[in-house]
Structures are given as structure tokens and as C-alpha cells.
Amino acid sequence: ADYCRLVLDRSDYPESFSRSFDLVYEAASKQIVIDMMLPSVDIIPAVVEFSYSPRTDEIREKLRKPSETKALYQDLISSIALRTLHEMFEADQGEHIEVVSFNGNVIARNRSTGRSEQKCLISVRATKSEFLAIDLRHIDRSMCLRNLGANVSRDPDEAVAVKPIVSYDMVDRRFVDQNDILAELDASINLMDLDPFQFEH
């Protein structure tokens with residue numbers, strides 16, 4: 001876990017990127033789960049270009065279209081997710097990591113409550129064998145993530161959240177003594193609504 005933190009700390013990003021992360025490593029499953037705070041949509045410049053008019057001696061701004069902002073931001077968070085998976089697997093020279101789960105989060109205001117909340121915009125889980133088989137130089141990022149079964153927000157610019165595939169706080173509780181989950185269920189329970197460690201029991 002300390003080694004993986006060192007790898008991510010040394011990852012070179014622009015200074016304007018506000019990045020922080022937590023990670024946890026589960027030795028039994030050789031799985032690492034990374035929760036990373038992503039830059040907000042404000043990282044995408046609102047102005048596309050400036051032009052100067054000699055006639056009026058004015059500098060005019062051309063604003064970016066909302067659809068373009070959305071597309072650029074979605075591509076950005078997809079790139080960060082794939083880059084993080086790549087860095088983890090490439091740095092694992094000791095064969096200690098079989099699975100990497102990545103959750104990209106932002107702090108955004110809930111419009112219904114007015115309060116700031118942490119929201120997951122992208123969640124992806126990949127095994128080492130399937131990820132190293134990908135040629136990252138020739139991929140379409142959104143198609144690659146879809147092929148990996150990732151959950152990606154359809155409106156990340158609006159901070160529409162997705163459900164994490166594996167959450168950071170789940171890992172330590174995942175390998176616990178077996179308990180009788182069936183005793184707590186009845187015929188009306190939808191198995192698809194159970195969290196992964198309940199379903200495993």
C-alpha cells in the first residue's frame with residue numbers, strides 16, 4: 001500500500017489539477033482499491049478563444065459550448081481512470097496486484113439539499129491480465145471503459161453520480177467470518193439489491 005501511494009504521489013499532473021486519494025490493499029485477493037478526488041468541471045476553460053478587433057479596440061471572448069465542455073470533461077476523467085490503472089499494474093514488479101478498482105470522485109453541491117457532497121463520477125475494476133492486453137495507444141477511452149464494465153456518469157459536468165463497483169470502505173469488511181445472511185432474508189428480497197459482501201455470504 002505504501003509503495004502504491006508512492007507511485008501515485010509521483011504521478012506527474014499539471015499544477016492546476018487538485019488531486020488527492022486514499023487506497024487500501026487486500027492481500028488475500030491481491031486487490032487494491034483507490035478512491036481519488038478528481039478536478040471539478042471548472043478545470044475545462046469556459047472560453048475557447050480570444051479575438052482582438054482593431055476597429056473597436058476590444059478583446060472578444062468565444063465561449064465553449066456546454067456539449068463540448070461535457071465531452072472534454074468526460075474524456076478527462078476517463079483518461080485519469082485509465083492512467084491510474086496503468087500506473088498501478090506497470091509498477092507492480094513483485095506480482096502483488098491482481099485487481100485494481102478505481103473510483104473517481106468530486107465534491108459537488110446537491111441541488112435538492114443545497115449541501116456539498118462527495119459524488120462518484122467514474123468507477124472501474126480491472127484484472128491485471130485483461131488490462132495489460134489493452135494497447136492504450138490505439139483505444140477509444142469511452143469504449144475501452146465500457147468494455148471493462150465501468151460505471152461512468154452520463155453527465156459528469158452536472159456531477160450526476162454513479163454507484164462504485166467496489167467502494168473503499170468495503171474492502172476491510174469484505175473478508176469477515178461467515179454469518180447467516182439467509183436468516184435475514186425473505187422471499188421478497190431482491191438479490192440484486194444486496195451489496196457484494198452480503199451476496200458473497
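## Surface hairpin and nonpolar core

Phe50 is found in strand S3 (residues 47–53); helices (H or I, at least four residues) and strands (E, at least two) are DSSP runs, numbered from the N terminus. The model is predicted, so local features need pLDDT of at least 70 and side-chain atom pairs count only at pLDDT 80 or more, while totals for chains, interfaces and linings use all residues. Residues are numbered from 1 along each chain as its sequence is written, and side-chain values use heavy atoms, with hydrogens and water left out.

The chain has six helices and seven strands, in the sequence pattern α-β-β-β-β-α-β-β-α-α-β-α-α. Of its 201 residues, 36% count as buried; buried means under 20% relative accessible area, exposed over 50%, and partly exposed in between (1.4 Å probe, protein chains only).

S3 pairs with S4 in the antiparallel sense over six bridges, pairing being called if DSSP finds at least two bridges between two strands. The two strands form a hairpin with four residues between them, and Asp57 in the turn has a positive phi of about 55°. Phe50 stands opposite Glu61 in S4. Phe50 counts as exposed because its relative accessibility is 55%.

The largest nonpolar core has 36 residues, and Ile32, Ile34, Ile80, Met88, Val100, Phe102 and Val124 are those with the most contacts inside it. H2 gives the largest share of this core, ten residues. Such a core is a set of buried Ala, Val, Leu, Ile, Met, Phe, Trp, Tyr and Cys residues joined through side-chain atoms within 4.5 Å.

Thr69 lies in helix H2 (residues 66–91) and is buried, with a relative accessible area of 16%.

|---|---|
| Thr69 | Val41, Ile44 and Arg64 |
| Val124 | Ala81, Leu85, Val100, Ser101, Phe102, Leu145, Leu148, Ala150 and Ile165 |

Among contacts in the chain with a separation of 6 or more, residues 24 or more positions apart account for 60%.

Definitions and conventions:
Contact means heavy atoms within 4.5 Å. Lists of a residue's contacts leave out its neighbours within four places in sequence.
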